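The entries follow in the order in which I looked things up.

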Amino acid sequence: MTPLNMAREGEKVRVLKISGGRGFVQHLTEMGLYPGVVIEVISDGRRGPFIIGVGGLRLGIGFGMAKSIFVEQLG
Amino acid sequence: MKEKKLKIALTGNPNSGKSTVFNRLTGGYAHVGNWPGVTVEKKEGKFQFRDCEVTVVDLPGIYSLSSHSIDEQIARDFIMKEKPDKIVVIVDASNLERNLYLFTQLLESGANVILNLNMMDIVKNKGIVIDTKILFEIFGVPIVETVASKGEGIEELKEAIVNESKKTKGSFRIDYGDDIELEIGRIERIINLTGYPPRWLAIRLLEGDREILEMTKKEGKNVESQVLNSKKRLEEHLNHELETALVEKRYAFLSGLIKESISKKYDLLEQLEISDRIDRILLNRYLGIPIFLGMMWLLFQFVFTLGNPISDGIKIFMGWLGESTSYGIERFGGSKWLSSLVSDGIIGGVGSVLVFLPPIFLLFLAIAILEASGYMARAAFVMDRFMHALGLHGKSFIPMVMGFGCNIPGIMATRTMESQKDRILTILVIPLMSCTARLPIYTLFAGAFFAENQGWVVFSIYLLGIILAIIVARIFKGLFFKGEVFPLIMELPPYCMPTLKGVLIHMWERGSLFIKKAGTIILGCVVLIWLLASLPLGVEYASKESLIGQIGSFFAPFLKPAGFGFWQAGVALLFGILAKEVVVGTFGTLYGVKEAGLTNVIQEVFTPLSAYAFMVMSLIYIPCIAAIATIKRETNWKWALFAAGYSILLGWLLATGIYQVGKIFF
C-alpha cells in the first residue's frame, strides 16, 4: 500500500483506502473515487497538477491531496 | 380538452449536457457551460407538448443527494420539498457508471424519474452498444436516448415526460448484503414519513443524513437511538465507515449492471488522449501560470484592438446625436432645460456609458470561449499550488475569474465550494476582481492618458485586483478563517471546440443585462445627477454652486490626498456605488460630451498619475449596491458590511499611496 503521490505517470493502480474526514471521503466516493476502483495516473504531479483517469473521466486532484489516497500497483 | 400542467426538474452530474438538454426542451437561452457549477441560479423554462404545459426547472449539476455544497443542497431541497411531478436524470452515456450513481439514489427515494442517456453519439462512435432493455427491466422507468448537442431524441424525451407513467413502484432495490439489510429492516419498521419510502429513509439515516433525522424528530418519532445502534453494530462488523460501505455497495451493483448491459468496456477515448496532451502543456508546472497570464493579456488585446474602433464610432455618433437633438428641441420651441436634460443629461450620461458596449461584449465573448473550451476548469489547477500556499482553495479561482465578467455571478459561483469558510473568504475578495462595469472607467482614463499602452495599463489594473485579492484573502484567512483548506478535486472535461452559437448566446445573455442596466439604473442616476446639477434654480449648470457641486465638495477634501480632490470626482465615486458605470456617466453628464469631448476634459482635470490613482480607487473602493446585496444574500449582513467597509479603506489607502509616492518620481 503506497500513497498515490508515489505512483508514476501511465501506471494503473487500485484504490485501497482514502483517509480524511467523513464528509470528504464520502464526497470523493460519490465522484467515483473509492476503494476497489482502478485508476490510471495521467499526470503524476511532477510536471503539474495530479490528474487521474477513472473510466473515461479525468479528475484533477489538488495540491497535497494525492497523499491521502492509498493505492496498490497493478501488474 | 383540458390542459394539463406538469412541473419537472432536470438533474444530473456536472458536464452531462444538462444545460443543453434544457435549452433544447425549452428553446430558452440558458447558459451552456463546460465546467462544474455553471448553473448557479435556478433556471426555469416552459414547453408545450400536445395538451400539456410543462414547466422545466434546471437544477445545479450534482454528484449525489448528500449535501456537501450549497449546489447539492439547492437541488436536494427542490427535489424533496417541492416534489416535481417528474425528474429527468441526464447522464453522460459514455460514462455510465459514475453518472448512474445519482440516478440510483433518486430511484431509491421513490421519485418519479426518467432516465435520459445523453451523448449517445460518442457512445455509438466508439462502437459501444448499451442494452436499454436490460436497464429498463432493472430500473423500471422510461429510458430515452438523446444527442442533445444535435437535438436528436428531444421529441422522444418530451413524449416520455408527458406520458402517464406506468410506474412499477418499489420494484427497484439494491441488495446491500445481509448485515446491512438486517439493520435497514430494523429501522424501516419503526419509521414512517408521508411521501417517502421507509426503506429509503432507513438507508439515508444510516448514511448519516441529518436533515432526514430532523424530519423524523419533528414527526415525533425518535429513531435516533436505533440508528446509532445499527451504525455502531455495522461499523464494528464491517471494520470501516458505514457511509463508504453503502456507496461501495451501490457502485458494485452498478458495475455488475454495466457488465450485463454494455457490449464492450472502453478504456481510453481518443478525444481524451488529445485532451491529455494539451493538458501536459497548459497545466505544466512552469508553463501553466505564464500561459494563463499570456491568455489574459491576449484577451485584453483582443477586447481593445477590436473594440476601440467600434467604440470610437459610437462616441462620434453620440456627440452628433447630443448636438442635433438639443438643436432640434430648441428649434421646435422646446425649452432650454428640456434640451439640456436630453443632451447633457441623458445622451451625455447614458451615451458615454454605451460607448463601452463593444469592449464589454467582447470581454463576455472571450470569457464564454474560455469556459466552453474547458480551459476555465483547468485554471483552478494552474493556480492551485499557488493558492494553496496562500491558504486559499484552488476552486475559488473560478468564481474569481467569473467575477471579471460581473461580480454577482462570481459570488454565486462559490456555491460549488464544499467548505463554508473557504466560501465566505472567496466571496469577500471577489469584489476586487475588475468587473466589466469598471471597464468603461479604465478605458476612458487609459485612453486619455496612456493611449500608446492602453492594453498594458488596463491589464495592470486587472492584475492588481488579483494580487490584492490574494493578499487580502491571506490576511482574512489568518484573522477569521483559521484551519485547513478543503482539498480540491474537480472533473476536467475534455477540451472541445466551442460552438459559435453557444458562445454568442452566452455573450448576449450577460451583455444584454448591461444594456438593460444602461436603460434603467444608469439612466435614472444620470437624470438625478442632471437634476441636482441644475438646482437650485438659476444656478449655472454643473457648477460648484449647484446642489451636486455642494454634495461633491463635501467629499472632495477626503479625496485630495489621492490626487483627485475636486467635487466632480467625489460625485462620480458616490454615485458609482449604485453601479460602477455611473462613474463615467457622471463625468459625461457633468462635463458634457459635445464640442470638446469627454476625453479632452478629463485630460485637463487629471494628470496621468492622478488618473492612475483614480482607476485604482474605482477598482477597489466599494462593491456596487447589487454586489453588496448579493453578498448579504449568500452570507449575512455582517459580512456584507464588512466587505463594503474594508474595500473603502483599502481603496483610499492605495490610491493615496500611489499618488503620494508617484509624486516623488514624476
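Predicted model: local features only at pLDDT ≥ 70, side-chain atom pairs only at ≥ 80, totals over all residues.

**Entry 1: the sheet between the chains**

**Entry 2**

I began with β1(A), which is joined in the antiparallel sense to strand β6 (residues 69-73) of chain A by two bridges. Here Phe70(A) in β6(A) lies opposite Pro3(A).

The next pair is β2(A) with β6(A), antiparallel over five bridges. Ile18(A) has Ile69(A) of β6(A) opposite.

Strand β2 (residues 12-18) of chain A also pairs with β3(A), again in the antiparallel sense, over three bridges. In this pair I located Arg14(A) opposite Val38(A) in β3(A).

**Entry 2: the contact of chain A with chain B**

How many residues of chain A are in contact with chain B? I recorded 31 residues of chain A in contact with 37 residues of chain B. On the side of chain A, the elements that give two or more residues are α1 (22-30), β3 (38-44) and β5 (57-61). Of these, α1(A) gives the most, with nine residues. Sorted by class, this side of chain A has 14 nonpolar, 13 polar and four charged residues.

**Entry 3: the six-stranded sheet of chain B**

I next examined a second sheet. It is open, has six strands in the order β2-β3-β1-β4-β5-β6 (chain B), and its pairing is mixed. Why is one side of β2 and of β6 (143-145) of chain B left without a neighbour in the sheet? Both strands stand at the edges and have a single partner strand each, so one side of each has no neighbour in the sheet. From one strand to the next, the twist averages 25°.

Strand β2 (residues 43-49) of chain B pairs with strand β3 (residues 52-58) of chain B in the antiparallel sense over seven bridges. Strand β1 (residues 4-12) of chain B pairs with β3(B) in the parallel sense, also over seven bridges. Val56(B) in β3(B) takes part in both pairings: it is the bridge partner of Gly45(B) and of Ile8(B).

I also looked at the turn. β2(B) and β3(B) form a hairpin with two residues between them, and Arg50(B) in the turn has a positive phi of about 50°.

**Entry 4: helix α3 of chain B**

α3(B) lies across β1, β4 (86-92) and β5 (113-118) of chain B, and runs at about 165° to β4(B).

What does α3(B) meet in α11(B)? Leu96(B), Glu97(B), Leu100(B), Tyr101(B) and Thr104(B) in α3(B) meet Arg250(B), Tyr251(B), Leu254(B), Ser255(B) and Ile258(B) in α11(B). The residues of this contact are six nonpolar, two polar and two charged.

For the geometry, the axes of helix α3 (residues 96-108) and helix α11 (residues 242-261) of chain B come within 10 Å and cross at roughly 125°. The two helices are therefore oblique to each other, and their crossing is right-handed.

**Entry 5: helices α20 and α22 of chain B**

Helix α20 (residues 420-429) and helix α22 (residues 454-480) of chain B pack at about 140°, with axes 9 Å apart. This angle makes α20(B) oblique to α22(B), and the crossing is right-handed.

From α20(B), Leu425(B), Leu428(B) and Val429(B) meet Ala469(B), Val472(B), Ala473(B), Phe476(B) and Lys477(B) in α22(B). I counted seven nonpolar residues, no polar and one charged in this contact.

Terms used. Residues numbered from 1 in each chain as written. Chains lettered and ligands numbered in written order. Pairing = 2+ DSSP bridges. Helix = DSSP H or I, 4+ residues; strand = E, 2+ residues; numbered from the N terminus. Axes fitted to C-alpha atoms, helices over the stretch in contact; angles between N-to-C directions. Parallel < 35°, antiparallel > 145°, perpendicular 65-115°, else oblique. Left-handed = near helix turned anticlockwise from the far one by under 90°. Contact = placed C-beta atoms within 7 Å. Nonpolar A, V, L, I, M, F, W, Y, C, P; charged D, E, K, R; others polar.
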